[in-house]
Amino acid sequence: MLMSAIEGLKYAPSYPELAGKRILITGLSAGLGVDIARAFADARCRLVLQIDELTEEMQAVVEIIAAAAPDVKLYTGTAATADAAVVVARNAMTAFGGIDAVINLVPLAAGTVAAATSAEAIEAAVAARLTMACLGGKIAANRMRLTMIDGLVLNVAMLPSQATKADRAFASVAKAALTAMTRSAAEEWTEHGVRFNAIAPQCAGGLGEPSLAGEVDIAALALFLASGRGRLLSGHVFEATAGTR
């Protein structure tokens, strides 16, 4: 089932059933998730976009996305803390009277974490990166349950295209946490019709499904998982090697 689904993605199917669906995309930036947002816009979905800051570059990105989507609502402000993540998630749930899918974009560049010398500091940094994916996912899943929507929470964690050794080391730790979180949430929410999946970078000693490198586009996979064809897949962590825009 899983491999046949991945194989089918190579033929760029369309999903007319996605038209009008309400999609929340968090963590969107000029370097992360633009292709995913444009794919859902081209599928005629209504989008709720969360960005940290409306720079000139991000304004141009939002305008491109809005040109294809039938409706776009924009939330500006970081969702890195627990309180901020809760505010973003709750506001997004009411933007269009509900939500059908959530795409949480998680950058895994090590940044200042590379200088951390203790396991506790690294674990704290990983937890901070996954704050929106964790809290936002739970809030979205509960709203989907209450409104009886068979929805999707998809966490997309990506490395920069020129990842350093520190980036890959941090990503390996973060991926392990993301994998555990995704599979635990999938088990908890399956009975309520809410699916949890993730796309994560391929690391040494892979923890995910077969690699998608060179096979399918990450945006195409996100569309597939949000569509009716992906409704039987939950608890999967797909591996990818390339960065995404």
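Predicted model: local features only at pLDDT ≥ 70, side-chain atom pairs only at ≥ 80, totals over all residues.
**Salt bridges**

The structure contains 3 salt bridges. Select aspartate 100 and arginine 22 to begin. Their closest N and O atoms are 3.0 Å apart, and the two residues form a salt bridge. Aspartate 100 sits in the loop between α4 (82-95) and β4 (101-107), while arginine 22 belongs to strand β1 (residues 22-26); the pair links distant parts of the chain, 78 residues apart. Buried or exposed, what is aspartate 100? Aspartate 100 has 13% relative accessibility and so counts as buried, the cut-off for buried being under 20%. Arginine 22 also has 13% relative accessibility and counts as buried.

Next, select arginine 231 and aspartate 150. These residues form a salt bridge whose closest N and O atoms lie 3.9 Å apart. Both residues are in loops: arginine 231 between α8 (218-226) and β7 (237-240), aspartate 150 between α6 (131-146) and β5 (152-158). Here the pair links parts of the chain that are 81 residues apart.

Then select glutamate 239 and lysine 175. Their side chains meet in a salt bridge at 2.5 Å, N to O. Because glutamate 239 lies in strand β7 and lysine 175 in helix α7 (residues 165-189), the pair ties together parts 64 residues apart in sequence. Glutamate 239 counts as buried, with 5% relative accessibility. Lysine 175 is buried too, at 2% relative accessibility.

**The largest pocket**

Select Gly27, Asp52, Thr78, Leu105 and Pro107: of the 22 residues lining the largest pocket, these lie nearest its centre. The volume of this pocket is about 390 Å³. Now colour the model by element. Two or more lining residues come from each of β2 (46-51), β4, α5 (119-129) and α6. Which element gives the most to the lining of the largest pocket? That element is β4, with 4 residues. Coloured by class, the lining of the largest pocket shows 12 nonpolar, 7 polar and 3 charged residues.

**The second largest pocket**

The last stop is the second largest pocket, which holds about 210 Å³ of space. Select Lys21, Asp150, Arg195, Ala226 and Ser227, the closest to its centre among the 15 lining residues. By class, the lining of the second largest pocket divides into 6 nonpolar, 3 polar and 6 charged residues.

Note on methods:
Residues numbered from 1 in each chain as written. Heavy atoms only, no water. Salt bridge = Lys/Arg side-chain N within 4 Å of Asp/Glu carboxyl O. Buried < 20%, exposed > 50% of the residue type's maximum accessible area, 1.4 Å probe, protein only. 1 Å grid on protein atoms, 1.4 Å probe; cavity = no way out; pocket = protein on both sides within 12 Å on 5 of 7 lines; lining within 4 Å. Points joined across faces, edges and corners; volume = space filled by probe spheres on them. Nonpolar A, V, L, I, M, F, W, Y, C, P; charged D, E, K, R; others polar.
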